[in-house]
Amino acid sequence: MYNWLNEALADSASIVTANRRLARMLGKEYGAQQISSGLSAWRNPEINAWQDWLIALLATAQDQKSLPTRITAQQSQWLWERCLRKELAESDSSLASLVRMSRDTWQRLADWQIPITEVARSALSADQRMYAVAAGRYLGILEREHWVDDAGLAGLVLELIAQRRVTLHRKVTFAGFDRRRPILDAISNSLRDAGSTVCIPPARKSAATISMQQFGNTDAELRAAGAWARTIRDKNSDARIAIISGSLEQDAERVSSLIREGFTPGWQYGHRSLFAALNVSYGRKILEYPAIAIAMLVLRWIVRDLSALEVGLLLRSPVMATSDLAGRSRLELQLRKLPDRAWSPAMISAALRRHDDNADGSNWLAAVATLTQRRKDMPIQVSPADWAVYIDETLRSLGWPGAGALDSAEFQLINRWRELLNDFARLDLVSPRMNLASALSRLEILAGDTVFQPESTDAAVQLMGPLEASGAEFDAVWISGLTAANWPPAGTASVLISRRLQQQHGMPDAIPKDTLQYAESVLQHLMTSAQQAVCSYAITVDNVEQTRSELLLPYATTLDTPAADPGWHATRLIAAEQMTGIADKVPAVEVDEVFHGGAGTVQRQRAEPFSAFVLDRMGARSIFPQAVGIPALVRGDIIHAALHRLFVDLPDSSTIQAWHDEEVSSRINAALDSAFARHERNTDAVLQQLFAIERRRVARLLRQIIEIDAGRGEFEITSVEGQMELAVGNIRLPLRFDRVDEFSDGHIAILDYKSGAKKKLLRAGEEANEIQLFVYACATEAPVAALALVNIDSREIAFDGAGRGYTDEAEWPELLQRIKDEIAVICDDLAAGDVRLNIEQGVQDARRLNLLSRFTELRRDY
């Protein structure tokens with residue numbers, strides 16, 4: 001394999017590759033060959049990708065001061081935007097894609113050595129004329145400023161070689177260039193004229209074995225490719241295997257996932273080495289990596305407020321502040337209960353400060369406080385270089401990218417981010433001063449255009465596109481997706497220059513024949529890249545029938561038995577042996593055991609013991625969706641707080657009856673001010689309007705309650721929002737009641753406010769429906785004459801109770817004692833570790849704990 005490599009590098013010769021991936025592969029192979037020959041040390045080989053080779057040659061040029069200043073791709077992009085914006089309307093949303101197309105066309109013109117004057121003369125359409133004008137303006141800037149961009153490097157090097165101003169190697173080998181470009185041919189000829197030997201690697205013969213395989217769909221095809229690679233790897237652990245897919249650029253994640261299904265089954269829930277065993281050549285945009293996305297989000301927080309969902313992302317991310325998340329998870333649960341709004345860092349600090357009971361929560365809020373200060377210290381307008389420093393200092397002050405050690409891929413990602421910051425800083429050359437919002441927008445554009453893929457040296461299988469495999473050699477190669485619709489691939493002729501001009505200069509895809517010939521050349525090189533080759537295609541793609549490409553005819557005319565499709569690994573688990581049940585009884589309640597619920601614990605134990613165990617003994621909490629508007633929990637909290645303030649001075653019925661209209665209004669306003677105060681702080685305009693509407697609604701409800709209490713007979717309010725404890729054996733449940741009224745005979749009535757759906761205290765047949773109030777009755781030593789739910793909704797306030805004033809008072813003692821006895825039995829079951837599952841409950845009720853209870857499966861088998 002690569003038998004030509006040692007000779008190509010002999011006597012300090014050099015190799016120039018079509019892409020950096022091939023350069024890395026050749027460098028690794030050269031080292032392996034030196035070790036196998038018995039060497040322990042050797043000179044670092046001169047192997048460079050095309051663009052890196054051009055830059056290295058420029059570095060050897062004589063009279064460096066006379067050379068034009070090289071601008072980066074990011075600086076070039078900025079200039080193209082400036083030039084194109086002059087030709088477009090201000091609001092044109094296509095600028096980003098047009099810049100990309102313009103730069104690609106500019107590179108192609110440089111590679112085919114076509115002057116812009118010729119482009120302008122041949123322009124036919126409005127788009128072509130627009131491009132010619134913008135390109136002429138761009139070229140004028142480069143010439144005026146004495147700059148050169150990446151597209152112009154090859155032309156500059158060509159001039160320097162002809163002038164004998166650069167240091168050349170005795171021999172140069174060009175590897176992996178499937179499509180010959182005029183600029184490459186010109187440089188090759190100039191190198192020969194300067195005395196260098198120019199070579200290309202020797203052509204390889206076609207694979208010894210070529211198999212053509214057909215599959216029902218692309219899923220089966222790609223899974224089978226992965227299984228095929230696994231079979232080869234099991235036979236030879238050193239085998240170099242490649243799987244070629246033309247769909248990586250469009251759907252790299254799906255393609256790689258399917259291949260992993262066959263190559264490393266169970267990779268989703270196995271060790272991360274199973275994921276890393278497949279190296280994917282096509283990376284993701286750097287902005288799509290979580291660490292970078294979080295960095296950009298937190299930077300955006302300096303210039304604009306964030307939604308609760310965005311703040312939740314920062315709370316869950318381990319790359320900001322510490323990597324511990326327990327306390328921060330509780331902060332997010334609290335945030336989800338609050339009405340969504342545009343949150344500034346200062347607002348979040350104020351809203352969550354009371355809930356930071358863990359070190360990691362406190363550390364996160366300290367980082368948010370740092371952001372608040374960075375907002376205050378933010379410069380108005382500075383250069384890109386100054387903003388790069390500001391951005392880097394801000395992220396470091398927040399503990400980004402996290403406290404833990406970085407693995408190789410993470411380390412490479414952070415380094416690439418810092419390189420991107422350096423590229424942004426270099427915009428000083430072409431860009432004026434800007435504010436932070438503009439700087440972040442520019443940085444986000446750069447990050448969105450930057451594709452990153454960490455280098456991997458240990459991957460067992462390479463997954464790459466057809467062009468990336470150019471020049472590479474393997475032991476076995478699988479070429480997928482060879483349908484007539486995909487091969488030859490669609491041409492990519494530029495729409496910004498005339499087709500006639502492209503045909504005259506033989507530019508790529510100018511005519512269908514060129515597209516066909518290039519596809520044939522690429523396929524031929526793939527067929528000769530390994531001794532064993534498999535060509536495959538699916539007969540159905542997206543429910544559309546397919547046929548094999550005619551380009552396969554020279555290599556194989558008959559179909560072989562396709563490799564086995566292993567299917568989805570998860571389906572194999574269905575056939576696994578039945579799991580063995582383990583006798584793991586829930587322990588009884590211990591002395592001083594802390595419960596995470598109050599009277600609701602008894603209600604849950606009564607309805608479904610399993611939920612009481614999970615929620616009240618284990619302390620699990622449901623994750624609610626982010627509240628929008630004013631959520632029900634906040635509405636209920638406001639009503640409870642307002643009623644507490646309204647009756648905090650414990651008036652009796654005669655006092656309430658004596659309140660005149662002005663005093664009623666004054667008391668209601670005071671109650672509203674007290675209840676709404678903390679919720680109305682730091683609200684945006686929309687939420688302020690919602691709270692104003694809610695304030696009017698609650699005011700009406702308070703007035704109705706006063707009217708009802710004034711007509712209830714004689715009583716005295718003796719306590720509001722008080723606390724008590726239910727003690728039964730080892731069980732200690734903290735209770736919090738809303739209100740207690742005392743009658744003239746010393747008996748009491750316990751009231752509980754319900755601000756949600758209307759509820760009934762008793763079911764038909766004198767059975768408790770809501771047992772919470774009866775738990776309060778068990779916890780108090782005072783004689784209880786009545787229990788009542790105060791149902792409060794937007795339309796009415798209704799009391800639903802039992803005992804004095806509600807049901808037959810003569811039967812009340814017996815009813816109360818019967819339900820107290822029931823509560824005692826419930827508490828005994830709870831104390832004993834009862835975790836039965838209520839199989840009769842509805843699916844909706846069981847849903848939130850379904851992952852723990854397996855309710856759905858158990859009910860199906862019941």
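## Salt bridges

A salt bridge here is a side-chain nitrogen of Lys or Arg within 4 Å of a carboxyl oxygen of Asp or Glu. The model is predicted. By this rule, the count comes to 49 salt bridges.

Asp752 and Lys754 form one of them, with their closest N and O atoms 3.1 Å apart. Where do Asp752 and Lys754 sit, buried or exposed? Both residues are buried.

Arg70 and Asp150 also meet through their side chains, at 3.4 Å from N to O. This pair links distant parts of the chain. Arg70 belongs to strand 3 (residues 69-70), Asp150 to helix 8 (residues 150-162), and 80 residues separate them. Arg70 counts as partly exposed because its relative accessible area is 38%, between the 20% and 50% limits.

## A salt-bridge network

Glu767 pairs with Arg763 in a salt bridge whose closest N and O atoms are 3.2 Å apart. Which residues join this pair in one network? Salt bridges with shared partners connect Arg606, Arg763, Glu767 and Glu822.

Glu767 is partly exposed, at 37% relative accessible area. Arg763 is partly exposed too, at 40%. In general, side chains of opposite charge can pair when their charged atoms come close.

## The largest nonpolar core

The largest nonpolar core holds 87 residues. Ile348, Trp364 and Trp417 touch the most other members. Helix 13 (residues 290-303) gives the most to this core: 10 residues.

Trp364 reaches well beyond its own stretch of sequence.  Leaving aside neighbours within four places in sequence, Trp364 is in contact with Trp301, Val311, Leu314, Leu315, Met320, Ala321, Arg328, Leu331 and Ile348. As a rule, nonpolar side chains in soluble globular proteins tend to be buried together.

Asn19 lies in the loop between strand 1 (14-17) and helix 2 (20-36). Asn19 counts as buried because its relative accessibility is 18%, and the limit for buried is under 20%.

Which backbone nitrogen lies 2.7 Å from a polar atom of the Asn19 side chain? That nitrogen belongs to Leu22. The backbone nitrogen of Arg21 lies 3.2 Å from a polar atom of the Asn19 side chain. Leaving aside neighbours within four places in sequence, Asn19 is in contact with Ala49, Leu467 and Glu468.

## A nonpolar surface patch

Ile35, Leu39 and Trp42 make a nonpolar surface patch of about 280 Å². Ile35 is found in helix 2. Ile35 counts as exposed because its relative accessible area is 56%, and exposed means over 50%.

Conventions:
Residues numbered from 1 in each chain as written. Predicted model: local features only at pLDDT ≥ 70, side-chain atom pairs only at ≥ 80, totals over all residues. Heavy atoms only, no water. Core = buried A, V, L, I, M, F, W, Y, C linked by side-chain atoms within 4.5 Å. Buried < 20%, exposed > 50% of the residue type's maximum accessible area, 1.4 Å probe, protein only. Helix = DSSP H or I, 4+ residues; strand = E, 2+ residues; numbered from the N terminus. Contact = heavy atoms within 4.5 Å. Polar contact = N/O pair within 3.5 Å; in protein donor to acceptor, adjacent residues only side chain to side chain. Patch = residues over 30% accessible without salt bridge, like charges linked within 9 Å, V, L, I, M, F, W, Y side chains within 5 Å. Areas by Shrake-Rupley, 256 points an atom, 1.4 Å probe, with all protein chains shown as cover.
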